[in-house]
Amino acid sequence: MSPHPTHSWSTSQLVEYLAVLSKQPDEECALQAAVERVIESLDAEIGIVFGHAPLTVVGLPAEDPHVATLMAEGTSRSPAPVPVAGVGLCRVATVALDVEDDALRLLVARAGAEDFTPDEMLLLRGMAWVLNLALRPLQVMRTLHERQRVLEQVTQVQHALASRDPLPEVFDTVTQGARELLDAEFATLYLAEDDELVVVSVSSSAHTNWPPPWASQVMRVKSGVGRLAYLTGELIRVDDYPACPIALQELVDNGASAAMAAPVRENGKVVGSLTVVSFRAGHAFTKSQEQALLTFADQVSMALSDAKTMAAAQSAMRDAVTGLPNRVLFVERLEQAVAAGTPIHVIFVDLDRFKLVNDTMGHAAGDDLLRQVGLRLRERLRPEDCLARFGGDEYAVLLENTPDAEACRIGEAMLAAVKESYVIGTEEVVVGGSIGIARAHGGTADAVLRDADTAMYRAKRAGGRRLVVFEQSMHTALVQRQNLEADLRRAIDDGALCVVFQPIVDLRQQRTYAAEALARWQHRRRGLVPPREFITLAEETGLIGALGRRIMETACAQATTWPAGPPHNRPPNVAVNVSARQMQDPSFLEDVRTVLADTGLAPHRLTLEITESTIVSDLEAVVDQLHRLRELGVTIAVDDFGTGYSSLAILRTIPVDILKIDRSFVEGVDDGWQGGAFVRTIVRLTETLSVTAVAEGVETRSQADALRRIGCPLGQGYLFAPPMRADDLALYLAGTRSRQASVEV
Ligand code: C2E
Ligand code: CA
Ligand code: CA
């Protein structure tokens, strides 16, 4: 145990001293009172309790530079006298508050030539010991108490969040919690909006006439401790609020005495502040209250980040135009119902002449119409039914536990509602709807969606403005194909077709030589349909002409935005795939000419990729067409070379600039002499013909190395880059996107 100071102080004096300290409301006051007592007893001028920094200074202003000098001298083994301006040369003595842990020390400085006597040193130690004794329970009590209260308030905020209270209510819980926690009369939560702080919630005690009613309205603050905490990201505490240069005048006028503000963060970034204000004369916040506010603000920050994440997650499930659940949420609900074995019906509603409205009256009008339709459909449903905007002008409804007749009645009611006229702006608009209904027969969610879709298409093909209930007989391959065809036709018009780009790179220099445009179809129900499936369909149905034009337009327009890069300072070329049907179409040549003229792309930057099988199937006609295309200035590539059973000699008869070696040969190129033989032969041939070889589907480093050894100049494949969206390609070309990143559409 510590030494017992008995010499100069009686036990009763000690007890009295202890009582005085314990009565203090907090640590700070206790320290202050203790130090005052100490300097009084030792007839000293200055007393300091300090750790790394001074905690309490008596006899000097806390910011006086002598405080630091005294502390420095006080920690040395044998302190020399320190001259203090206004006091004179001072003797210094320091003792640890706790002999086992000298984190905190008590220092006294006394003017004059007399050193502290051993008795005085004993007294000093005794007083330090008592001070420590007195502080300990205070500290522990205080911390426990504070923690408990912070915890309670935070729990309330979290509870408000968990029960999905609207954010404004959560914010009110926050300000009220902060005010109660810190015994403040007033608390405000500010959040930044375009770099301005806006009051989002205030809480005030019943005893003040603050805030005036306007403060609860949206109010922007340009100064104040709240703004300072927001700007600095630090806790701000002001003890004498009226004297503070950044004080808000309204608060001063209403008698604010002290204020504190802590930053509020969202995912680490300061987004606002939480401010508490006291209106009691002479009242100031304490250090431990600082801590409490900081802790509370941190918790609020965490809760806020969660809430925003939750809101974002929720908005990802909602359609922005109508506010209805979107496809994702609908399918989720449907899958849950199917998994639970609930009897369900799915109703698809497709507007009949929406495109006309959109094209003639503009997108804003179209959005307005979609909203109005959503509201009308909702009115015809029961609260438990799920209505979603499925995409484009299509809505979907999920009915659970509903008899067939009732489902039909609901469908008919929706049809009647949709048919009525709408007022958009000043105009009256009439659109119809085609409705399909299907019931789940214990199948999958996909199956019932497909059935409802099929029924809806029946309604559409029969002229629209009607309802069709799905029957098994509709479910034939032929019908599905027709549906898919109709979908594809729409996709070409609606822009649901998109283009991704895959870089073709120089195998020796790190340079993008070209990018190949690859078509993608985001089908509203089936998701991403691979090109192999819809390109064939498009060829068979004659849609390929329109589709190919779309892709070529988009690709060429994109290519004009690509930057020129080192070492040759040429922007990459763009390669577009051309199908057999397009090559046979006499108007194709004109299409290419038009696209080049419309987009302004230099012809030599466009490469047309034609598969080997297309060329062999109708050699004469194709060769003719190729010559004409080449006269336009575009370059020609033979795609999938090696798969079309042509002889290598064919390369001598057709005008070709690039040869793309099919992936199936590249796959084994690193597999010894045998594996590389075919590729080596082709590459040698391309060299003699002055044709550029591209290795397709390069997936591994070892393949790339083998290709380099063989002397193949260009490569394309997942090893270098996957097909990516236009905006990702822009980043890739700018060099800011990792080459290995694998972001497919
Ligand atoms: P393609 O012209 O041979 O295109 C290359 C295909 O290989 C692309 O498939 C591409 O994603 C894939 N690929 C690229 N690197 C790798 C790799 O390292 N490993 C593997 N396993 N595959 C790789 P995608 O996009 O599915 O296209 C398939 C085919 O569809 C294309 O083959 C092309 O014949 C056709 N196609 C795509 N877009 C169009 C288009 O706009 N018009 C026409 N007519 N046909 C298109
Ligand atoms: Ca290709
Ligand atoms: Ca290919």
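1. Basis. The model is predicted: local features need pLDDT of at least 70 and side-chain atom pairs pLDDT 80 or more, while totals for chains, interfaces and linings use all residues. Residues are numbered from 1 along each chain as its sequence is written, chains are lettered from A and ligands numbered from 1 in the order in which they are written, and side-chain values use heavy atoms, without hydrogens and water.

2. Calcium ion (ligand 2). Glu516 (OE), Asn577 (OD1), Glu609 (OE) and Asp639 (OD) coordinate this ion at 2.1 to 2.3 Å. Donors are N, O and S atoms within 2.8 Å of the metal (3.2 Å for Na, K and Ca); water is not among the atoms, so sites may look incomplete. Along the chain the donors have the spacing E-x60-N-x31-E-x29-D. Because Glu516 lies in strand S20 and Glu609 in strand S23 (residues 606–611), the pair ties together parts 93 residues apart in sequence. Helices (H or I, at least four residues) and strands (E, at least two) are DSSP runs, numbered from the N terminus.

3. Glu516 counts as buried at 4% relative accessibility, and Glu609 is buried at 2%. Buried means under 20% relative accessible area, exposed over 50% and partly exposed in between (1.4 Å probe, protein chains only).

4. Calcium ion (ligand 3). Asp639 lies in strand S24 (residues 635–641) and Glu696 in the loop between strand S26 (692–695) and helix H24 (701–710), so the pair ties together parts 57 residues apart in sequence. Asp639 and Glu696 are both buried.

5. Asp639 coordinates both calcium ions, ligand 2 and ligand 3, which are 4.0 Å apart.

6. Ligand 1. Around ligand 1 there are 21 residues, the closest being Gln502, Arg520, Asp639, Glu699 and Tyr718; a residue counts if one of its heavy atoms lies within 4 Å. Oxygen atoms of ligand 1 lie 3.1 Å from a side-chain N or O atom of Asn577, 3.2 Å from a polar side-chain atom of Asp640 and 3.4 Å from a side-chain N or O atom of Glu696.

7. Shell elements. Strand S20 (511–523), helix H15 (531–541) and S24 each give two or more residues to the shell around ligand 1. S20 has the largest share, 4 residues.

Terms used: Polar contact = N/O pair within 3.5 Å; in protein donor to acceptor, adjacent residues only side chain to side chain.
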